[in-house]
Amino acid sequence: MSKNEIGNSVIAGLKEGKIEHMFHENLMTSAVKVTIIIPIYNSECYLDECLKSVLQQNFNNYEVICIDDGSEDNSREIVKKYAERYEFIKIIFHEKNRGLSAARNTGLKNACGKYVLFLDADDMIVPETLEELYQCAEQYNLDNIYFNMKKIYETEMQHMQSVDNPEYRHYDGVYSGQEMFCRFAEEKKMKIEACRQFFKRDFLTENSLTFYEGILHEDCLFSFLCAMKAQKVKNINKEYYIYRQHKGSIMSTISERRMQSTFIVILEIFKYWNRNKFTDSVNRAILYYLEEQFSTFGYYKNMCQDYKELEIGSFAEKNIYRLMMGSLKKKKYASLSDEKIEKLRMARYIIIFGAGRAAIDIIKILQGENINIDAVAVSDLDVSSKTVCGLDVMEIKNLMQYKNIATVIIGVTNKYRQEVEKQLTNMGFDNLMMID
């Protein structure tokens, strides 16, 4: 059975209510092996599927800590029913909404498991997740395990569609966190989501690793610090986590708060980098990572036109923020409207035409939206970069087999746009998209 078939069968089983909870070891008489931390905020549409995916684990020693972060819908009632039925499911209530970071930190403070897995309330895990991750962590005495996720996109009609997921290299063996961070940076495919990592709880507590509260993009900072401090990590090239993208999710919306949060992440990473000494390879990887964050900040700045003062931080931080905002005023970034982003999520095959600044901006946007890019193309490879943002560049004539299904985003400056449009149309590519 293929990876997509496995993921789709799990989703179908959860929707039909076919998956029942397996025997669970009495946690009163044994040490808890794994704690699953689930922050909940207005997740009534997805919470049932999330909890069912936990109950169908082929593993019999774990606890579930659900943190209701001031939900205003029916989420609290749903999780109460599960807690009443299963003694290993615990609920902690935040009377007011404090954000994802605070909810996860509350879960960490109350966790008893030797290992910790974070699960968002609108996502799911596959049946063998806990068993295989636990066995691997024990076998190699790991601080952390990285793994893959399957991304699915929910349309307006509530239909689920799989998103093409990027392929990752196989990294055999055990590495330090910094060594693995360098390898991810070399591949230009960072694994920053906390939900696709399996942590030893003592590693987190002994290093005072918690989530920065009051911001979005908290994973970018948390995962960076974990990578810098972990002694033994391993990567498993398997999709244990099913990540649901939908319009109501935090990461599907553009906001000024996301821009400000990215600034805080940049500042905290830089401060940590400046306080510590690293090898040349780690320094290069951190520089790449920071450049990615700067690019993200510039994109959000372009999407949020009205300037506002940084809401959190010291006087110095607020003024650094003001200076960064000013430096970006005259810089133009390419952008895509929400309507175009939605169309691209449904596209069968995506080609970026161009290898310059405009194309790079588009690639950054799509990577930020977790939209897979199938190819980057130019007219003549002899006068172009061979790679862009870690993606190989091809000549457009070698992609003719996709002309009937491809969406081609023209990533060139206005000066060449008309010429390129005419060229692509003459070649038979009729589904063209212009950047804003």
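Colleague: What share of the 436 residues counts as buried?

Modeller: Buried means under 20% relative accessible area, with a 1.4 Å probe and protein chains only. Here 53% of the chain's 436 residues count as buried. This is a predicted model: local features need pLDDT of at least 70, side-chain atom pairs count only at pLDDT 80 or more, and totals for chains, interfaces and linings use all residues. Residues are numbered from 1 along each chain as its sequence is written, and side-chain values use heavy atoms, without hydrogens or water.

Colleague: Why is helix α2 largely enclosed?

Modeller: Helices are DSSP runs of H or I, at least four residues, and strands are E runs of at least two, numbered from the N terminus. Helix α2 spans residues 47–55, and seven of its nine residues are buried, so the rest of the structure largely encloses it. Among them are Glu-49, Cys-50 and Ser-53.

Colleague: Which residues have the most contacts inside the largest nonpolar core?

Modeller: A nonpolar core is a set of buried Ala, Val, Leu, Ile, Met, Phe, Trp, Tyr and Cys residues joined through side-chain atoms within 4.5 Å. The largest has 123 residues, with Ile-38, Tyr-62, Phe-198, Ile-352 and Leu-366 making the most contacts inside it. A second, separate core has 15 residues, including Tyr-349 and Leu-424.

Colleague: Is Glu-128 buried or exposed?

Modeller: Glu-128 is buried, at 18% relative accessible area. It lies in the loop between β5 (124–125) and α5 (129–140). Its side chain makes a polar contact of 3.3 Å with that of Lys-238. A polar contact pairs N or O atoms within 3.5 Å; within protein, one must be able to donate a hydrogen and the other to accept it, and residues adjacent in sequence count only if both atoms are side-chain atoms.

Definitions and conventions: Buried < 20%, exposed > 50% of the residue type's maximum accessible area, 1.4 Å probe, protein only.
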